[in-house]
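This report describes the aromatic pairs of one model. Please consult the sequence and the structure shown below.

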Amino acid sequence: MRLVALVCALLLAATLPASADQVTDQIDLGKQYYEEGDLGGAINELQFAIQDIRSQLAEQYRAGFPPAPTGWTFEDSEEDSSAAMAMFGGGTSVVRTYTQEGGDGSIEARISVDNPMIQGLAAMVSNPALIAANPGAKRVRVGRDNAMVQFEEGGDSGQATLILGGRIMLQLEGRGLENGQILEDMTQAWQVDVLKKIAGM
């Protein structure tokens, strides 16, 4: 009972500009159901409110994507990020796709936050032995953080992974590329400070 009341208090304290009326309406209805003894209904309404807050948070994270390289354009995915991440342990994920103008190149960029899988990948990215044992892989420094960039030797595809503080994972997956330099450049161009601020790091 105290836990439900605490969740209500925390959510009521949140001030979110987009869809704020819908969120507060859901919280108020959840509180009403709780006071009436309908705990299932209260939980349902609070879960809807949390889902909407996560969607707003995902939109804020979009500010952290790298700008489109010269000669490239981008399009944001409209996928239900919170629902997709639920299958992998929860958290928030947003996706942006970059496309080369007049070329075959495409790069999918993903921001994942507070997913349990991140901790395991963080250990791999910061392990020199694992990077050395992986053909085509190299470490790229982004401030104090480590990224691993991989590019298929003799091929046209590659990927990059950057972990921030064990909570945020930034990924690039490219196809139709001439080399891995664009992946390195975009890894350096993530808006790291913006993302950390949004995540409260």
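Is phenylalanine 65 buried or exposed? At 3% relative accessibility, phenylalanine 65 is classed as buried, a term for under 20% relative accessible area, with exposed meaning over 50% and partly exposed in between (1.4 Å probe, protein chains only). The model is predicted: local features need pLDDT of at least 70, side-chain atom pairs count only at pLDDT 80 or more, and totals for chains, interfaces and linings use all residues. Residues are numbered from 1 along each chain as its sequence is written, and side-chain values use heavy atoms, with hydrogens and water left out.

Two aromatic pairs are present in the structure; rings of Phe, Tyr and Trp (its six-membered ring) pair if their centres lie within 6.5 Å, and planes under 30 degrees apart count as stacked, over 60 as edge-to-face and the rest as tilted.

| Pair | Centre to centre | Angle between planes | Class |
|---|---|---|---|
| Phenylalanine 65 and tryptophan 190 | 5.7 Å | 35° | tilted |
| Phenylalanine 74 and tyrosine 98 | 6.0 Å | 55° | tilted |

Phenylalanine 65 lies in the loop between α3 (39–61) and β1 (72–76), and tryptophan 190 in the loop between α7 (181–189) and α8 (192–198), 125 residues apart. Tryptophan 190 is also buried, at 4% relative accessibility.

The other pair joins strand β1, which holds phenylalanine 74, to strand β2 (residues 92–100), which holds tyrosine 98, 24 residues apart. Tyrosine 98 is buried at 0%, whereas phenylalanine 74 is partly exposed at 42% relative accessibility. Arginine 96 lies over the face of phenylalanine 74, 3.8 Å from the ring centre.

Methods: Helices (H or I, at least four residues) and strands (E, at least two) are DSSP runs, numbered from the N terminus. A charge sits over a ring if NZ of Lys or CZ of Arg is within 6 Å of the ring centre and within 35 degrees of the ring normal.
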